[in-house]
Amino acid sequence: MLSHQVEENLELRLVSERYAEELLAVVKDNFEHLNEWMPWAKKDYSIDSAKQFINMNRKRFAENELTDFFIFESNKFVGVVGFNSPDFLNRSIEIGYWLDKNNTGKGIITKCCKVVIDFAFEELNFNRIAIRCATENFKSQAIPERLGFTKEGVSKEAEWLHEKFVDLIVYSMLKKEWK
């Protein structure tokens with residue numbers, strides 16, 4: 001999947017260095033919003049940080065691994081959705097996402113996750129998808145709950161987030177449960 005038209009004004013695009021400035025601008029404009037839950041969102045996030053993220057994803061894609069996708073709403077960069085922690089042997093993967101604060105509450109992440117989930121199950125033949133969210137990140141938890149994921153439990157102190165550990169709720173969906 002190089003790009004996908006989710007709906008008329010919503011599109012997923014493969015990461016590209018030509019969007020580095022837009023990525024940087026959105027991260028900077030959303031620093032406090034992102035910093036609360038994203039370990040990588042730090043005050044020193046720079047154009048080099050954006051390019052490093054993009055190049056890591058391009059390398060993964062070139063090596064036939066999985067990549068993240070940029071989310072564009074009305075042709076404007078607004079966030080990222082993609083794959084984390086692939087386990088090809090056990091056909092299991094995680095999905096992660098973040099969105100510009102001005103675009104939350106519109107169903108954008110839910111719609112984009114549906115596309116990524118379909119792609120993971122149908123095209124990539126994964127059997128299990130997980131989404132992990134901090135126990136206090138209620139907006140993020142709403143996504144897997146809305147999509148019908150099963151809440152498996154809590155992983156204690158599973159993520160190092162800005163000088164402290166946070167607990168993560170683990171949600172999952174099996175291929176046979178999807179749709």
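## Close-up legends

**Tyr19 touches Arg13, Leu14, Ile54, Phe70 and Phe72, setting aside residues up to four places away in sequence.** Touching, or being in contact, just means heavy atoms within 4.5 Å. A quick word on the model: it is predicted, so local features need pLDDT of at least 70 and side-chain atom pairs count only at pLDDT 80 or more, while totals for chains, interfaces and linings use all residues. Residues are numbered from 1 along each chain as its sequence is written, and side-chain values use heavy atoms, with hydrogens and water left out. Tyr19 lies in the loop between strand 2 (10-14) and helix 1 (20-29); helices (H or I, at least four residues) and strands (E, at least two) are DSSP runs, numbered from the N terminus. Tyr19 is buried because its relative accessible area is 6%. For that label the cut-off is under 20% relative accessible area, with exposed over 50% and partly exposed in between (1.4 Å probe, protein chains only).

**Thr67 is a loop residue between helix 3 (47-62) and strand 3.** Thr67 has 3% relative accessibility, so it counts as buried. Its side chain makes a polar contact with the side chain of Asn57, at 3.2 Å. By polar contact we mean a pair of N or O atoms within 3.5 Å; within protein, one must be able to donate a hydrogen and the other to accept it, and residues adjacent in sequence count only if both atoms are side-chain atoms. Not counting residues up to four places away in sequence, Thr67 touches Asn57 along with Leu14, Val15, Arg60, Phe61, Gly82 and Phe83.

**Glu94 sits in strand 5 (residues 92-99).** Is Glu94 buried or exposed? It counts as buried, because its relative accessibility is 17%. The Glu94 side chain makes a polar contact with the side chain of Arg132 (3.2 Å). Skip its neighbours within four places in sequence, and Glu94 is in contact with Arg132, Ala130, Gly82, Phe83, Asn84 and Ser85.

**Gln141 belongs to helix 5 (residues 138-146).** With 7% relative accessibility, Gln141 counts as buried. Which backbone oxygen lies 2.9 Å from a polar atom of the Gln141 side chain? That would be the backbone oxygen of Thr135. Neighbours within four places in sequence aside, Gln141 is in contact with Thr135, Cys133, Ala134, Glu136, Ile169 and Tyr171.

**Thr150 is part of strand 7 (residues 150-160).** Thr150 counts as partly exposed, at 40% relative accessibility. Its contacts, leaving aside neighbours within four places in sequence, are Val170, Tyr171, Ser172 and Glu177. Look also for Ile131: it is 19 residues from Thr150 in sequence, and the C-alpha atoms are 9.9 Å apart in space.

**Asn75 has a positive phi of about 65° although it isn't a glycine.** Find Asn75 in the loop between strand 3 (68-73) and strand 4 (76-87). Asn75 is exposed, since its relative accessible area is 59%.

**Asn125 has a positive phi of about 60°, and it isn't a glycine either.** Asn125 is in the loop between helix 4 (108-123) and strand 6 (128-134). A relative accessible area of 36% makes Asn125 partly exposed.

From the N terminus on, the elements run β-β-α-α-α-β-β-β-α-β-α-β-β. The chain's radius of gyration is 16 Å, which agrees with the value near 16 Å for a compact globule of 179 residues; the radius is taken over C-alpha atoms, and the globule rule is 2.2 Å times the number of residues to the power 0.38. The C-alpha atoms fill a box of roughly 40 × 35 × 30 Å along the principal axes. Of the 179 residues, 45% count as buried. Among contacts between residues at least 6 apart in sequence, 58% join residues at least 24 apart.
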